[in-house]
Amino acid sequence: MTGLAQPAVIASSLAYLAVVLAIGVWAARRTHDARDFFIAGQGIGLVVTTLATMSAAFSGFLFLGGPGLTYRLGVSSFFISVPVSFTAGLLCWTVAKRLRLLAEVREIYTVPDAVLARFRSRRASGLAAVAVIAGTVGYLGAQLQALGLVLDSIFGTGLAAGMAVGVVVVLAYATAGGMVAGVYTDVVQGALMIAAALGVFYYALESGGGLGAIGRTLAESGDFGPGFLDPLGAAPLTALGFYFVFGVGVLGQPQMLHKFYMLDDPRKLKWFPLALSSSQALVVLLWIGIGLAVPALVASGRLAPLASPDDAAPAFLLGFAPPLLAGIVFAGVLAAIMSTADSFVNIAAAALVHDLPKAFGRPVRRELARGRWAVVGVTVASALFAYLYGDLIALLGTFAYGTFAAALAPAFAVGLNWRRVTPAAATASIAVGLALNLGLELWGRQAWFPALPKPPLAAGALPSAAALAASFTVLFVVTWWTSTRDDDIDADVAAVMEM
Amino acid sequence: MATKISLWFLAIASPAILLALLLGTRTSEWAFAVLAAAFPLALIALGAGRGAGALKVGLVALLVFYEACFLGLLTLHGRDAPWLFGLPLATLLQLGIFLAPLPAVALLYAWTFERHGLRRRDLEELRARFGRGEGGG
C-alpha cells in the first residue's frame, strides 16, 4: 500500500514540503555572504543549536535505516543509539568548547579550518577536507536513498525515480539557502519529530499488544527467536562495534561539530548536553517502537514479511498508525532528510571551495558562487554512490559515520586537548583512519576478484571500529615518535587549549 | 594527573581494541567490552582538563555503572536469563545503559561548567587578548 490511498498522509506531507520551501526562500534572502552560507552568520541560540544538532545527527539514517537494521539484526542494532546518553556531554567536554572558542579568535567556518588552526599543517587540513568529502558522499547518499524510499512509499514512484526527485528538491533547497535554510528547517523538524516520536512509540506498543506481548511474540517466533532480543546478538563484536564507533566517533562528525561555530554565545553550552541528549532520547523512541513492533507484527502474521528491511518504518506508518500521525511522521522524516542533506551539501561544498584550495595555498575567490556549483556536484555524486552501494540505509550511514569517526575523531579529541600531539601525528592519523575505513569497506564488499581473501578482521567486526582504533593508535605512536617545537601552536590557539 | 591517566589509558586501549577486532576470540569480546565502556569516559576526563578533579566521583560512578552493565550483558549473552517487565533481563540492561546515565552526564556537565573552563572572566580575557583574526589562521 502506498500513501496515495490515504489523503491525510499526502496532505500533511505536501503541507510540510510547502513550509520547507518557504523557509528556503526566506533563508535565501538572509544569505548575503559566505559566513551566512556556511555558519549561519554565527548568530543562533541554544534551542536552535540543539535542534539543529539533533536534526543533523538524526536523519533518514535513524528514522528509516534504524528500524530496518533492527529488522535484520535484532536489538543489537540499538547500540547505535545507546551512546546518546553520553555523547552530548562527551562532545561538550572534549571538543565543543574549544571549537567554539577557536571561532572567537579566528575566522573559522569548517572542520578543516580548525585542523589548520590547531596544527598549522596544510597537509593535515587538506586530508581532513578529503575525509569530509568522502564521508559526505556516503552520508548524503544515505539521505537521498531514504528520501527516495519515502517518496516511493507515499507516491509509489519507485526507489530510483524517488531518489532523482529527491536530488532536485535538495539541490533547489540547498543552493538557495545554504546553512541558514538548514538550521531553521531543523527547528521545525526537530520539534515535529519529538512530538511524532512519542505518538509513534505509543501506537507501536499498542499495535503489538504492549511491550511484554511483543517480547513474547518475538521470542517464540521461528523467524526471529530469542536471539532477536539479545543485545549482543549473533555477533557481539558488531554490537560492541556500534557502541564504540557511534559513542567515540561522534567527536569526528562535521555535521555536528560545525554547529558549535554557529552558537552566538559559548557560555550557552552549559545546558547543551541536557537539551540535546533529552531530545535525542525522545526521538530514539520512534526507532525502538517501530523496530520492536514490526518484527512482532510479521511474526504474528498481521504484516507480510518485508521485501526489504528498510520498508519497516513505511510499512508500520501506513498500516498501523493513524493517517494524520503517519503524515506528520512522513513529513518529519522528509524534513530530517532535507535538513541533514542540506547540512552535508554545505559542509562538502565548503570542503571543496574553501578547505581544499586553502590546503593547496590557492584560496578561491567568490566562494559563495562556487559553493553553489559544488553543491550540485556533491549531490549528484552522492545519489550515484548510494544507488550503486545497494544495501541498507543504516549500513551506508554506518560506513559514512565511520569515515568521519576514523579520520577526524582522534585528531580532534586528543589534538585539541593535548599540546604534545604533533602535526605529523594528526596527518598520519587522519590518513590512516580515512584509508583504512574506505579500504576495509571496499575490500570486504568487492566481488570482482572472488579469489581475494576477506579482510583480516574477526567475524562481525566493523571495519569502522578497526579503522577508528587504528587511527587513535597511529596518533599516539607518531606523537611519541616525533618531537614538538615551541612554535608548533600559535599563542591564541594555545590560549584556547589552556581554557 | 587525570589527564595523564586518560592519555595512558587511551594509548594502551586503542591498539588493544584493534587487536581484539583482529583476533575475535571470546576473550577479545570481553576485552573490547571493558575497554569500549571506559573509552568515552577517558576522553571526557581528558577534555575536562583542569576541571577533571571536580568530576572524579561522577566519572568513577559512571565507569562502575558502564562496566557492570557490559559485563552483565556478556554474562547473560546466549543464556536463558529471567524476564522482567515483559523483556529479557539483558534487553532491560541495554535500555538501562541507554537511559540511566543521560541525566547524570548532562547534569554533571552543567554542575561543573564554571570549573572546567568557560568562566565569564576567562572568556572576556580571551576576547580582549586575541579578538578575531589576530592569530593568523
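So, let's start at B:Leu108, which sits in helix α5 of chain B, the one running over residues 101-111. Keep in mind as we go that this whole thing is a predicted model. Is B:Leu108 buried or exposed? It counts as buried, because it has 23 C-beta neighbours inside 10 Å, and the cut-off for buried is 20 or more. And what does it touch, if we skip residues up to four places away in sequence? Two residues: B:Leu55 and B:Gly58. Take B:Gly58: it is 50 residues away from B:Leu108 along the chain, yet their C-alpha atoms are separated by 7.3 Å.

Okay, zooming out to chain B. You'll find six helices and two strands there. Walking from the N terminus, the order goes α-α-α-β-β-α-α-α. Chain B is more spread out than a compact globule, because its radius of gyration is 20 Å, while the globule rule gives 14 Å for 137 residues. Along the principal axes, its C-alpha trace spans about 65 × 35 × 25 Å. As for burial, 40% of the 137 residues of chain B count as buried. And if you take the contacts in chain B between residues at least 6 apart in sequence, 59% of them join residues at least 24 apart.

How confident is the predictor here? Chain B has an average pLDDT of 88, with 92% of the residues scoring at least 70. Do watch the stretch 133-137 of chain B, though, where pLDDT stays under 50. The model has 14 contacts beyond four places in sequence for that stretch. For the complex, the predictor gives an ipTM of 0.94 and a pTM of 0.91.

B:Phe85 has a phi near 50 degrees, which is a positive value in a residue other than glycine. Where is B:Phe85? In the loop between β1 (83-84) and β2 (87-88) of chain B. B:Phe85 is exposed, since it has 11 other C-beta atoms within 10 Å, and 12 or fewer is what counts as exposed.

You can find A:Arg120 in the loop between α6 and α7 (122-155) of chain A. This one counts as partly exposed, because it has 17 C-beta neighbours inside 10 Å.

So, on to chain A as a whole. How many helices and strands does it have? 19 helices and zero strands. Its radius of gyration is 22 Å, close to the 23 Å from the globule rule for 499 residues, so chain A is as compact as a globular protein of that length. Its C-alpha atoms fill a box of roughly 70 × 50 × 45 Å along the principal axes. Of its 499 residues, 65% count as buried. Among contacts in chain A between residues at least 6 apart in sequence, 84% join residues at least 24 apart.

Now the inside. The largest nonpolar core has 234 residues, and the ones touching the most other members are A:Phe316, A:Ala348, A:Ala466 and A:Leu468. Helix α14 of chain A, residues 323-359, brings the largest share of this core, 23 residues. Look at A:Leu468 on your screen: leaving aside neighbours within four places in sequence, its contacts include A:Phe244, A:Val248, A:Ala405 and A:Gly433.

How do the two chains meet? 65 residues of chain A are in contact with 59 residues of chain B. On the chain A side, the elements that give two or more residues are α5, α9 (211-220), α10 (236-248), α12 (272-299), α18 (463-481) and α19. Which of them gives the most? That's α5(A), with 12 residues. By class, the chain A side has 45 nonpolar, 11 polar and nine charged residues.

As a reminder, an α-helix has 3.6 residues a turn, so residues three or four places apart point the same way.

How values were computed. Residues numbered from 1 in each chain as written. Chains lettered and ligands numbered in written order. Predicted model: local features only at pLDDT ≥ 70, side-chain atom pairs only at ≥ 80, totals over all residues. Helix = DSSP H or I, 4+ residues; strand = E, 2+ residues; numbered from the N terminus. Contact = placed C-beta atoms within 7 Å. Rg over C-alpha atoms; globule rule 2.2 N^0.38 Å. Nonpolar A, V, L, I, M, F, W, Y, C, P; charged D, E, K, R; others polar. pLDDT = per-residue confidence, 0-100. Core = buried A, V, L, I, M, F, W, Y, C linked by C-beta atoms within 7 Å.
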